[in-house]
Amino acid sequence: MLKGLGVGAAAGLAGCNALGGNGNGNGGQALMWEYGFPNTEGAEPVWRNKFESKYEELAGEEIKISRYSYEDLRQKFLTGASTGDPDAIEGSLSHLSEYIAAGHVEPLDDLAESLDHFDGYVDSTIEAMTYQDTLYALPYEGNARAFFVRQDILDELGQDVPESAEAFHEIGRMINDEYDDLIGFHNCTKDGSVRAFQEWMTHIYQHTDQLYVPDGDSWQLNIEADALGQVFDNWYYQIYAADNPVGDPDDLGTGWQTNDPGYINGNYAFIESGTWMRNWTTGENIQSSDTAEDILNNKTQIAHPPRADGASKGTFLEVKPVMVNTHSDQIEKGKTAVEAYTHPETLSEGMAQDPEGSGKAMTPVHDNVESTIENENWQPLTDIFTTGRALAKATWGPVREEFYTYMQEVSYGETDPYDAGEQFHEALQDLESEI
């Protein structure tokens, strides 16, 4: 698995040994690369300041921080980690997979065992940092995909928040019948949309903990064809291709740019989205700030996404890791940087600085960190977060390409959802040795 990147990693590791590790020229001062701290012009960097003071408290010296965009950070680390710089790095979950495959990250099991607060991390976030029973990072923030509900519409119709797919379809169609300016549901069906793939994975995780599980040096598909058919039926065929669809077929082929602002502007009764929606009340896609504030503050209820018969609570999880460069000659300082960055005291400071502004502070990754959600209708996000599951550390590009084909065929009514489930199942099995 991840064999292609592994070749490059071996070459990089050889280069590291020749160079002798750390080349940051900081006279032994630890170097960290990151893009996670807020960088608001004119605002005091409270979160970053807390990290620096926590590191100094633990290490007895200061740390040097370099900020890069995630694109630049990833590229620089993949090509230059073997020089020994930086000692620690923050990034996305996809970065962690690539860095593990490249042999650039240090296992952190011994660090975890030494931390009194380690047991407080949300289980699913630690699972996301683990590959083949080895811990490679600690988490510092995340969010899980949730069901956004127009509670005022349900109240007018005398309906409860739907928990089953069947009830969801029934209420969605009721909304389409009763309202001229409101559509029951929208999701992303744009070819190539990462968001569309994440929404599909939300419903896959209602049927299985992982779509693929490790099988020696390969992967094994871990879902039945019928479950794939159910997901196609409930979330694409019934939405766009069935008689009396829950969604609007004219919205087919659209992405988050239609989905999220559409809900905020009052066009959709149900969508699936995340914490970033909380205070999105201005911008070029928002038609009226007053309407947006009213919908988000007074009319929205957050819930677990509805699920099919036999399925359970589960959803797509995004979580961010902090890692140590295994080629550093200051491994222990790198681990101290990870400890300081992900320490509950540091995370709490970040939460306090960013109450509900960006949504990052709404679903903490550690029990000792309080959520900043003040609106009680949004508080279910913290429970939904605990049911989230992160992508296995495979190469997902081939899976995504197959998904878009079958998802669109079902959505446009070209293929029966259960026939598509059978065909997609075979295609996913064929990818077991490729991803």
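Visitor: Which residues form one aromatic cluster together with Phe197?
Guide: This is a predicted model. One aromatic cluster includes Phe197.

Visitor: How many aromatic pairs does a search of the whole structure find?
Guide: Rings pair if their centres lie within 6.5 Å. Searching the whole structure on that basis gives a total of 31 aromatic pairs.

Visitor: Is the pair of phenylalanine 168 and tryptophan 235 stacked or edge-to-face?
Guide: The ring centres are 4.8 Å apart, and the planes meet at 20°. Planes under 30 degrees apart count as stacked. So this pair is stacked.

Visitor: How many residues apart in sequence are the parts that this pair ties together?
Guide: Phenylalanine 168 lies in helix α8, residues 165-178. Tryptophan 235 lies in helix α10, residues 225-241. The pair therefore ties together parts separated in sequence by 67 residues.

Visitor: Is phenylalanine 168 buried or exposed?
Guide: Its relative accessible area is 0%. Buried means under 20%. So phenylalanine 168 is buried.

Visitor: And tryptophan 235, buried or exposed?
Guide: Tryptophan 235 has a relative accessible area of 3%. The cut-off for buried is under 20%. Tryptophan 235 is therefore buried.

Visitor: What kind of aromatic pair do tryptophan 256 and tryptophan 280 form?
Guide: Centre to centre, the distance is 6.4 Å. The angle between the planes is 45°. The pair is tilted.

Visitor: Over the ring of which residue does the charged end of arginine 278 sit?
Guide: The charged end lies 4.8 Å from the centre of that ring. The ring belongs to tryptophan 378.

Terms used:
Residues numbered from 1 in each chain as written. Predicted model: local features only at pLDDT ≥ 70, side-chain atom pairs only at ≥ 80, totals over all residues. Heavy atoms only, no water. Phe/Tyr/Trp six-rings, centres within 6.5 Å; stacked < 30°, edge-to-face > 60°. Helix = DSSP H or I, 4+ residues; strand = E, 2+ residues; numbered from the N terminus. Buried < 20%, exposed > 50% of the residue type's maximum accessible area, 1.4 Å probe, protein only. Lys NZ or Arg CZ within 6 Å of the ring centre and 35° of its normal.
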